[in-house]
Amino acid sequence: MEPISIGGAWTFTPAVHRDDRGHFLEWFRARELSETLGYWPETAQANCSVSRRGVLRGIHFSSVPPGQAKYVTCVSGAVLDVVVDLRIGSPTYSRWEAVRLDDESRRAVFLSVGLGHAFMALSDEATVIYLCSTPYSPGREYGVHPLDPDIGIEWPTDTDPVLSAKDAAAPTLEEVRRAGLLPTYADCEAYVESLRKADPRNR
């Protein structure tokens with residue numbers, strides 16, 4: 001697990017074993033992830049998203065606790081995957097980092113609770129799958145506009161972004177902050193610490 005510039009997010013690049021039959025890889029290894037997190041990761045739901053070129057999904061996040069941690073990879077095609085720090089009080093609040101996920105490197109991204117997630121399809125079609133620590137809960141799910149200039153994500157400019165009606169109508173980061181919907185860094189850290197304390201291996 002390799003940390004990115006935003007605390008609470010890591011990338012994982014698996015070893016890909018190729019031969020004349022095709023290839024094999026282990027795209028998710030709970031033990032390695034748990035050694036990084038300090039607790040055993042919960043998997044409550046697995047999602048699959050298929051997008052055409054230019055489709056932009058996000059920025060999505062969930063209220064904390066419990067929030068929703070995600071482990072994301074692209075199994076077909078390529079996407080630009082973006083992590084945004086939405087935690088009020090975080091040293092990297094409002095910062096973002098982009099990671100290319102594709103079916104060649106097979107890289108994956110883990111993002112902790114409180115972090116925002118978005119991605120854009122770079123190939124004609126891209127299939128993204130992700131494991132979630134909690135199930136989808138409509139009343140706890142929120143969004144920030146992915147083109148908010150105050151965040152300034154540098155999306156590819158060679159194609160027009162295609163947004164859902166919901167994402168296109170999403171508020172800016174400042175509007176979400178004023179509405180009191182953003183998680184706090186302290187709450188996120190406290191919740192993660194509670195998961196560590198609850199892990200029987202840490203007793």
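I take a cavity to be a set of points, on a 1 Å grid over the protein atoms alone, where a 1.4 Å probe fits but cannot get out. I join grid points across faces, edges and corners, and I take a volume as the space filled by probe spheres set on the points.

The model is predicted: local features need pLDDT of at least 70, side-chain atom pairs count only at pLDDT 80 or more, and totals for chains, interfaces and linings use all residues. Residues are numbered from 1 along each chain as its sequence is written, and side-chain values use heavy atoms, with hydrogens and water left out.

**Cavity**

I looked for cavities of 30 Å³ or more and got one. About 50 Å³ of space lies in the largest cavity. I then listed its lining, where lining residues have an atom within 4 Å of a point. His 60, Phe 61, Ser 62, Gln 68, Lys 70, Leu 111, Val 113, Gly 114, Leu 115, His 117 and Glu 141 line the largest cavity. I sorted this lining into four nonpolar, five polar and two charged residues. For that sorting, Ala, Val, Leu, Ile, Met, Phe, Trp, Tyr, Cys and Pro count as nonpolar, Asp, Glu, Lys and Arg as charged, and the others, Gly among them, as polar.

Which strands each supply at least two residues of the lining? They are β6 (56-62) and β11 (115-121). The largest share, three residues, comes from β6. Strands here are DSSP runs (E, at least two residues), numbered from the N terminus.

**Open sheet**

I traced β6 and β11 into an open sheet of five strands, in the order β9-β8-β11-β6-β13, with antiparallel pairing. Two strands pair if DSSP finds at least two bridges between them. The edge strands, each pairing on one side only, are β9 (96-102) and β13 (141-143). The twist averages 25° from one strand to the next; axes are lines fitted to C-alpha atoms, and angles run from 0 to 180 degrees between N-to-C directions.

I checked the β8-β9 pair: seven bridges join β8 (residues 78-85) to β9, and the two run antiparallel. Asp 81 has Val 99 in β9 as its bridge partner.

**Strand β12**

I looked up burial for β12 (residues 125-132) and found six of its eight residues buried, that is, under 20% relative accessible area with a 1.4 Å probe, protein chains only. Eight bridges join β5 (residues 45-52) to β12, antiparallel, and Val 50 is partnered with Thr 127 in β12. Six bridges join β7 (residues 70-76) to β12, also antiparallel. There, Thr 73 has Ile 129 as its bridge partner in β12.

Conventions. Helices (H or I, at least four residues) and strands (E, at least two) are DSSP runs, numbered from the N terminus. Buried means under 20% relative accessible area, exposed over 50%, partly exposed in between (1.4 Å probe, protein chains only). On a 1 Å grid over the protein atoms alone, a cavity is a set of points where a 1.4 Å probe fits but cannot get out, and a pocket is an open set with protein on both sides within 12 Å along at least five of seven lines; lining residues have an atom within 4 Å of a point.
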